[in-house]
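Please examine the sequence and the three-dimensional structure shown below. The paragraphs that follow lead through its strands, its helices and its aromatic side chains.

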Amino acid sequence: MIDSTTQLYGLIGNPVLGSRSPWIHNHVFNTCGIPGVYLAFNVASNRIGEAVSGLKALEIKGFNVTMPYKSDIIPLLDGIDPIAKQMGAVNTVVCKDGQLYGHNTDGPGLIAVLRRHVPELEQKKILVLGAGGASRGICGTLSSIKGVTLGIWNRSLDKAVQLAAELNHGKSEGCTVSAVSSENCFSEYDVVINTTSVGMVPDTECTPIDIMLLKQGAVVCDIVYKPHLTLLLREAIHAGHPVIYGIEMLIEQALLAQKLWNNLKDDQIFEIRVALMKEFEGFHN
Ligand code: ATR
């Protein structure tokens, strides 16, 4: 029930229409009895400063930040957590005592999901498809795992080469990063993560790679969650690969944000994750 004690939470980005975040967070409020409401706000690029000042003045309890503002938000904050600072991207803001603190739950969320599906992650070879904005965040996170071998493949090879060079230069102690120039190398990898938009609605009958090039048993993960079952994942399941759905990563970063805002306990998070996954699969299969 919404009343005068209800606190505001939200999402800022552009576009935000179609975002699943309101569905996830309002589900958390309802199941946990938290007096909150979460709304999505589409913010024009020349009004991001005004929007953030407004949210601060209203003492919003917390908000998420999505494309294209994950870096732009940083100078508008009062403080930033070290992981978010290192990634150069904030997706979650906590408002406490009138001050805004930035965090990044995308990276820790991705690692938590991978650890659930991939035993001994530290010893694995991970292939990331794509070298755009989403890939940048994911590769930055993966390159922080000591022992991992990271390959980046992109339609335009020069962007993969550049991203690999940046990661090798800056942040990747103990992790080897290289650009993958030939599809013949795909069979060397234990985990494959699609960060391109290939397969997303409305072009759902596209897939970024030929599934037959992968190693038998390689884990296939797609960050695309519209549709839930992308052609890449359909083909992977058909060929006997374990798969990770994009919605699982979206849910994980959201639950980590709720942990920051409302101190959710691990057993609550476990139950909510299971319920949300079931509900989502119910809608979309
Ligand atoms: P995002 O922020 O969602 O990552 P982006 O920065 O525009 O968006 O990056 C899109 C990624 O998807 C890029 O790696 C892009 O490849 P290019 O760098 O060669 O453009 C990739 N991509 C988009 N459409 C593609 C397609 N049809 N086939 C293969 N890769 C594609």
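In this predicted model, Leu 11 has Ala 40 of strand E2 as its bridge partner. The two strands concerned are E1, residues 7–13, and E2, residues 36–42; they run parallel and are joined by 7 bridges. Between them the chain passes through helix H1, residues 21–32, and this β-α-β crossover from E1 to E2 is right-handed.

A further set of strands deserves attention. An open sheet is formed by 6 strands with parallel pairing, in the order E9-E8-E7-E10-E11-E12. Its edges are strand E9 (176–179) and strand E12 (243–244), each of which pairs on one side only. Within this sheet, strand E7 (residues 125–129) and strand E10 (residues 191–194) run parallel and are connected by 4 bridges. As an example, Leu 127 has Val 192 in E10 as its bridge partner. Helix H5, residues 133–142, lies across E7, E10 and strand E8 (149–153), and runs at about 170° to E7. In a regular strand, side chains alternate between the two faces of the sheet.

A pair of aromatic rings is described by the distance of the centres and the angle of the planes. The model contains 5 aromatic pairs. One of them is formed by Trp 23 and Phe 280, a tilted pair with 5.7 Å from centre to centre and 50° between the planes. Because Trp 23 belongs to helix H1 and Phe 280 to helix H9 (residues 266–284), this pair ties together parts that are 257 residues apart in sequence. Both Trp 23 and Phe 280 are buried.

How are the rings of Trp 153 and Phe 186 arranged? Their centres are 5.7 Å apart and their planes stand at 90°, so the pair is edge-to-face. This pair also links distant parts of the chain, since Trp 153 lies in strand E8 and Phe 186 in the loop between E9 and E10, 33 residues apart. Is Trp 153 buried or exposed? Its relative accessibility is 13%, and because buried means under 20%, Trp 153 counts as buried. Phe 186, with a relative accessible area of 0%, is buried.

Ring pairs also join Tyr 9, Phe 29, Tyr 38 and Trp 261 into a cluster. Finally, a charged side chain meets an aromatic ring: Lys 125 lies over the face of Tyr 189, at 5.4 Å from the ring centre.

Technical notes: Residues are numbered from 1 along each chain as its sequence is written. This is a predicted model: local features need pLDDT of at least 70, side-chain atom pairs count only at pLDDT 80 or more; totals for chains, interfaces and linings use all residues. Side-chain values use heavy atoms; hydrogens and water are left out. Two strands pair if DSSP finds at least two bridges between them. Contact means heavy atoms within 4.5 Å. Axes are lines fitted to C-alpha atoms, for helices over the stretch in contact, and angles run from 0 to 180 degrees between N-to-C directions. A crossover is right-handed if, with the strands pointing away from the viewer, the path from the first strand over the helix to the second runs clockwise. Rings of Phe, Tyr and Trp (its six-membered ring) pair if their centres lie within 6.5 Å; planes under 30 degrees apart count as stacked, over 60 as edge-to-face and the rest as tilted. Buried means under 20% relative accessible area, exposed over 50%, partly exposed in between (1.4 Å probe, protein chains only). A charge sits over a ring if NZ of Lys or CZ of Arg is within 6 Å of the ring centre and within 35 degrees of the ring normal.
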